Amino acid sequence: MARFRWAVLAVAVIAVTAAGVWGMGVFGQLSEGGYTDPGSESSRAAEVVREALGPQGGDVVAIYRPGQGSIDDPALGRRIEARLAALPKSSVTAVAGYWPGRAGQFAAADRRSAVAVLTLAGEDEGEKLEAFREIGDKLSVAGATVQLAGGAPLGDASAARSTEDLAFAEAVSLPIVLILLLFIFGSLVAASLPVLVGGCAVLGSLGVLHAVAYTHDVNSFAVNVASLLGLGMAIDYGLFMVGRFREEQSFGRTPAQAVARTVATAGRTVVFSATLLMIALAGLLLFPQGFLKSLAYGGLAAVALAALLSLTLLPALLAVLGHRVDKLPVRLPRRRGSRPPGTGWATLADVVLRRPVLVALPILAGLVVLAAPIRGVQFGENDERVLPAAEPARQAVEALKRDFPALSSAGVLVVLRGPGAGDGSFAQAVHQVPGVATVTPAGRGGGVVTYTATLAGTDPFSPAARTAVDRIRALPPPPGAELLVGGATARNVDSLAATADRLPLMVSLLVGATLLLMFLAFGSVLLPVKAVVMSALSLSATFGILVWIFQDGHGADLLRITPAPLEVGIVVLMAAVVFGLSTDYEVFLLSRMVEARTRGATTAEAVTTGLARTGRVISAAAILLIVVTGAFALSSVTTMRFVGVGMIVALFLDATVVRMLLVPAVLRLMGNAAWWAPGPLRRLQERAGLAEYEDDELFPTVSVGRHAAPEPDAQPAARELAALLSADRGPGAVATSDTIVFAASPPGTAPEAAGPVPGPAAAPAWPDPGELPVAGSAPGPGQSRITLEEQVLPAPVRAAGRRPESLSDLGPTVDLGNRRSGPPSDTVDLSRYGPAAEQP
């Protein structure tokens with residue numbers, strides 16, 4: 001990557017710019033539909049009516065309310081008729097209503113308002129929206145107020161609000177993210193790189209969605225999902241990549257070497273994370289609803305581009321910048337005598353490991369309590385309640401439901417098709433169904449008769465409304481006729497049935513892929529199972545809180561939302577995203593634990609090492625993603641607010657309570673069984689080569705032996721260290737490459753003070769190579785080992801009284817900080833000899 005950095009930069013910039021410019025056209029092709037199952041009974045009912053009776057209108061319902069007088073004022077009637085007749089035929093294909101025929105069903109019972117029903121031109125939701133935008137401001141008349149209800153005005157208001165809220169969320173979140181990255185990296189250049197990659201991922205995903213819109217309906221919410229995931233995941237991936245690159249450079253590597261190491265290590269984590277999240281999002285494609293499919297397109301495009309750009313554009317930028325990545329530093333105040341990095345997490349691990357049952361049981365009980373509201377969950381579909389109470393489109397729909405219930409979308413569409421469709425007694429049978437208030441004829445022609453059954457309740461998605469639809473469908477149709485039931489409630493019933501039918505497939509895909517990939521990464525049978533259970537607990541608690549807030553209404557006034565049944569499509573989306581992200585954090589945490597375990601650490605040592613090495617990064621990644629996604633909680637549209645609040649809750653629970661407390665406690669209770677796998681499966685995992693930990697090919701371990709010698713490709717300083725230890729400690733030598741990475745003692749433990757190392761004459765005899773294990777393997781009783789904690793050479797190290805330029809300057813007076821690491825083994829700890837810049 002470093003070799004072709006300029007070519008990669010050029011290709012990436014051109015491709016992203018072109019995709020972004022072209023992708024802006026997607027905003028003119030978005031729809032607000034796709035919530036129904038196209039193969040369901042309700043969809044077939046709507047199709048039969050459209051074929052037999054033509055478009056039935058209802059795209060726009062204009063409610064006229066005279067300022068004074070009544071709806072029968074002749075002058076007002078003429079003005080309204082003239083206004084409706086002047087509408088362009090290219091936008092409006094049919095008009096029906098109270099004027100001029102004064103049909104009673106188009107007037108309110110109090111005669112204070114009447115409606116005109118408009119059918120818009122267009123074959124899909126996107127075309128109808130464009131038609132509405134052409135005539136939306138041409139329906140007002142003097143002497144009356146007008147409210148515009150119907151699917152088109154509601155969709156237009158929702159799309160406009162979502163676009164504004166998306167821009168507002170990004171304007172709020174990006175500066176905060178940049179400030180947080182400044183605190184993390186301490187450099188404006190380094191902090192800006194993840195944000196830059198995130199912006200490129202969003203632009204690229206718009207281009208993908210524009211291409212998809214030519215063959216599939218793309219719901220406007222897909223743009224929000226693409227922005228949320230593209231920006232959030234690119235910033236998370238950038239955090240891993242930039243942090244690793246700076247770490248590699250601090251070890252003395254050239255920019256090209258640092259880029260190669262970064263892509264090989266942090267890049268592998270990015271690929272694994274993106275793969276898991278994309279598999280979760282691909283599960284949305286299993287559902288028949290176009291809404292979920294369009295969300296999958298947006299999410300998959302965003303995550304794939306975030307990962308791709310993090311592995312191409314970002315390394316190319318890092319290779320160009322080199323050490324200039326630390327330019328424009330921001331010096332933050334530091335406390336004197338602050339503890340080494342990872343010490344706090346090691347202390348936390350120690351607390352958890354000493355009392356695992358005391359930690360795990362309260363957390364498990366708390367998660368179960370938080371998940372309890374799920375038992376009463378109700379599902380609906382997006383309606384006017386997703387908009388603020390003051391939104392004109394919402395107020396118009398509420399007025400339509402109140403004054404013209406037969407014309408609102410809340411009614412049940414009853415369709416009879418066939419020779420016996422004209423049997424008028426069937427309408428009476430429908431009227432006798434509990435929960436049905438009135439039944440009125442809606443149309444006749446082409447062998448099809450339709451009725452509108454108005455429900456007694458006001459909520460079309462309530463259990464009573466769904467029960468009424470089921471009972472109507474259970475009625476025996478007239479002889480020779482086919483019965484089809486549609487409408488909003490029937491659509492909701494069918495959508496829930498389709499979701500429930502495909503949900504086991506999605507769950508099987510998520511769980512199966514997670515178990516397989518995590519086994520190939522970790523070589524354990526129980527760790528993947530534990531990860532799935534932990535993710536399920538976190539997910540259940542998150543949805544319990546969301547039900548408690550958005551359905552039951554606790555805190556609704558504070559959030560300025562109207563409690564309503566949850567939209568099943570958004571719930572499925574949240575489940576996929578939260579499961580993918582929680583598994584991602586699990587992988588990042590466990591990978592360091594498994595790495596320590598393979599190098600000989602006990603379960604307790606592995607847990608401590610994993611927390612110390614990943615706790616800060618996981619916390620930082622979660623905070624950044626909370627800011628990006630949590631900004632959606634400021635939206636005025638309930639759907640976006642649901643996602644924002646849900647992501648805040650999910651990330652907080654998962655990255656703190658579950659990953660930092662519950663997972664270590666459970667691993668402690670599992671003990672050595674956590675790492676077990678049958679021999680054949682382990683051999684299969686080793687052949688797959690998907691291990692996430694740093695293996696010996698990338699990071700050779702340190703070995704000590706009587707006849708060992710430095711490797712030919714070791715850097716000079718590493719050879720000097722080998723010679724130094726050989727001279728000071730006896731005839732043994734250290735065989736190593738340019739990197740020393742093993743950490744066997746708990747991170748953060750400070751070596752005890754010790755005097756200068758004795759010279760060769762006083763050095764104890766080294767054991768034979770067969771007696772002294774390779775560093776990282778578990779020592780036997782009485783055996784010695786050397787611990788070199790994250791110490792990578794060459795880097796100037798501190799010596800008594802002065803700062804040497806190389807290890808050869810240290811001579812025999814270097815203080816190796818001898819200390820006892822427990823009865824079984826002696827430990828030589830070099831952890832305090834870090835880069836010169838970190839020394840006082």
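Helix α12 (residues 356-371) supplies the largest share of the nonpolar surface patch, three residues; helices (H or I, at least four residues) and strands (E, at least two) are DSSP runs numbered from the N terminus. The patch, of about 350 Å², is formed by Val357, Leu361, Leu364 and Leu669. Patches consist of residues with over 30% relative accessible area and no salt bridge, nonpolar side chains (Val, Leu, Ile, Met, Phe, Trp, Tyr) being joined within 5 Å and like charges within 9 Å. A salt bridge is a side-chain nitrogen of Lys or Arg within 4 Å of a carboxyl oxygen of Asp or Glu.

The model is predicted: local features need pLDDT of at least 70 and side-chain atom pairs pLDDT 80 or more, whereas totals for chains, interfaces and linings use all residues. Residues are numbered from 1 along each chain as its sequence is written, and side-chain values use heavy atoms, without hydrogens and water.

The protein contains 23 helices and 17 strands. Of its 840 residues, 55% are buried (under 20% relative accessible area; exposed, over 50%; partly exposed, in between; 1.4 Å probe, protein chains only).

The largest nonpolar core comprises 158 residues, with Phe221, Leu281, Leu284, Leu295 and Met574 making the most contacts inside it. Helix α19 (residues 568-598) gives the most to this core, 20 residues. A core is a set of buried Ala, Val, Leu, Ile, Met, Phe, Trp, Tyr and Cys residues joined through side-chain atoms within 4.5 Å. Beyond four places in sequence, Met574 is in contact (heavy atoms within 4.5 Å) with residues including Leu539, Phe543, Phe642 and Met647.

Key: Areas by Shrake-Rupley, 256 points an atom, 1.4 Å probe, with all protein chains shown as cover.
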